[in-house]
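Have the 3D view ready and follow along.

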Amino acid sequence: MSRVYNFSAGPAVLPEEVLKEAADEMLDYRGTGMSVMEMSHRSKAFETIINEAEADLRELMNIPDNYKVLFLQGGASQQFAMIPMNLMKNKVADYIVTGQWAKKAAAEAKKYGKVNIIASSEDKTFSYIPDCSDLPVSEDADYVYICENNTIYGTKFKKLPNTKGKMLVADVSSCFLSEPVDVTKYGLIYGGVQKNIGPAGVVIAIIREDLITEDVLPGTPTMLTYKTHADADSLYNTPPAYGIYICGKVFKWLKKMGGLSVIKERNEKKAKLLYDFLDQSSLFKGTVVPEDRSLMNVPFVTGDKELDAKFIKEAKEAGLENLKGHRSVGGMRASIYNAMPYEGVEALVAFMKKFEKENQ
Ligand SMILES: *Cc1c(COP(=O)(O)O)cnc(C)c1O
């Protein structure tokens, strides 16, 4: 067996320990004589799996009792519609557009009401986070929406926007569980798990209880109503059971590592290694303003498309995979999520140094 260092933005690297455990339990999950994949979602064994997963997530994120944790499907993209359908009571919402995902979310919300783009960083290819300390938040806005970590561009909100009392909704797909958060600052936090937590197919939504109501936009499908899933503890219909099981294992792994403060330190150490190299490199250059740099997604370029392509090809041959930047920005991007070991970033930097020497 040989594993590569996988810098994919998502689906992405998972802790090896978790994968091994899942492999060990593949044919016979703890004496049940079956795989979790084959198991009824109403079984005792699965009930324990989902309840433990929720309890561990609550502990990791310090989620207050007045927030529900929902395990949903449809990807983060389905939330782009589910959010306005459930939360746009006044049919007005403010969006801060810091990348393609926020832009898509805003475009989807437009189908259901009035969307105000109150800030954007599109003028500079989303390479920074706009100043959000005093934005023209709409008086009748139902919520203010952000994408907290911009997977494609490698920016991160280091400070949440001043929403002037409006509820904050955040897509945290690519920074989920990468550092401690204060859940009380949000009405809704959600993310697809395939970036930093588990296999594609699960979306976790953490939503304040008072926002879960039957008062949704007319025509909202049962499956797209938060209340449906909240009332049924995420078991209204068959949930993505195997995915939830793997997420649960990752939560336990994170707890074992020491929780989110420790994970944050680890992530900072990893990111620093790469950013410090980029800042002094004569060949490679980071594309994001230093103060808004993500700890998770690190885009960089040589400034020469052919050299970029050569780098990506040779890196792959050296066991460093999926370093190609998003098709909308080009260049390279190293996603260094929680499960990427420090040694992986060391190997990348060593390879970049070598490539720099050979291609000056
Ligand atoms: C990947 C990603 C999405 C889209 O996720 P899907 O699960 O593919 O719909 C949305 N937002 C962010 C921040 C992402 O990184």
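A charge sits over a ring if NZ of Lys or CZ of Arg is within 6 Å of the ring centre and within 35 degrees of the ring normal. Here are two such cases:

| Charge | Ring | Distance to ring centre |
|---|---|---|
| Lysine 124 | Tyrosine 128 | 5.7 Å |
| Lysine 269 | Tyrosine 342 | 4.3 Å |

Keep in mind that this is a predicted model, where local features need pLDDT of at least 70 and side-chain atom pairs count only at pLDDT 80 or more, while totals for chains, interfaces and linings use all residues. Residues are numbered from 1 along each chain as its sequence is written, and side-chain values use heavy atoms, with hydrogens and water left out.

Now for rings meeting rings. Rings of Phe, Tyr and Trp (its six-membered ring) pair if their centres lie within 6.5 Å; planes under 30 degrees apart are stacked, over 60 edge-to-face, and the rest tilted. That rule gives 14 aromatic pairs. Take phenylalanine 284 and phenylalanine 311: their ring centres are 5.1 Å apart and their planes lie at 65°, so this pair is edge-to-face.

How buried are these two? Phenylalanine 284 has a relative accessible area of 2% and is buried, and phenylalanine 311 is buried too, at 0% (buried means under 20% relative accessible area, exposed over 50%, partly exposed in between, with a 1.4 Å probe and protein chains only). Phenylalanine 311 also forms an edge-to-face pair with phenylalanine 300, at 6.0 Å centre to centre and 80° between the planes. Phenylalanine 300 is buried as well, at 0% relative accessibility.

Ring pairs join Phe277, Phe284, Phe300, Phe311, Phe351 and Phe355 into a cluster.
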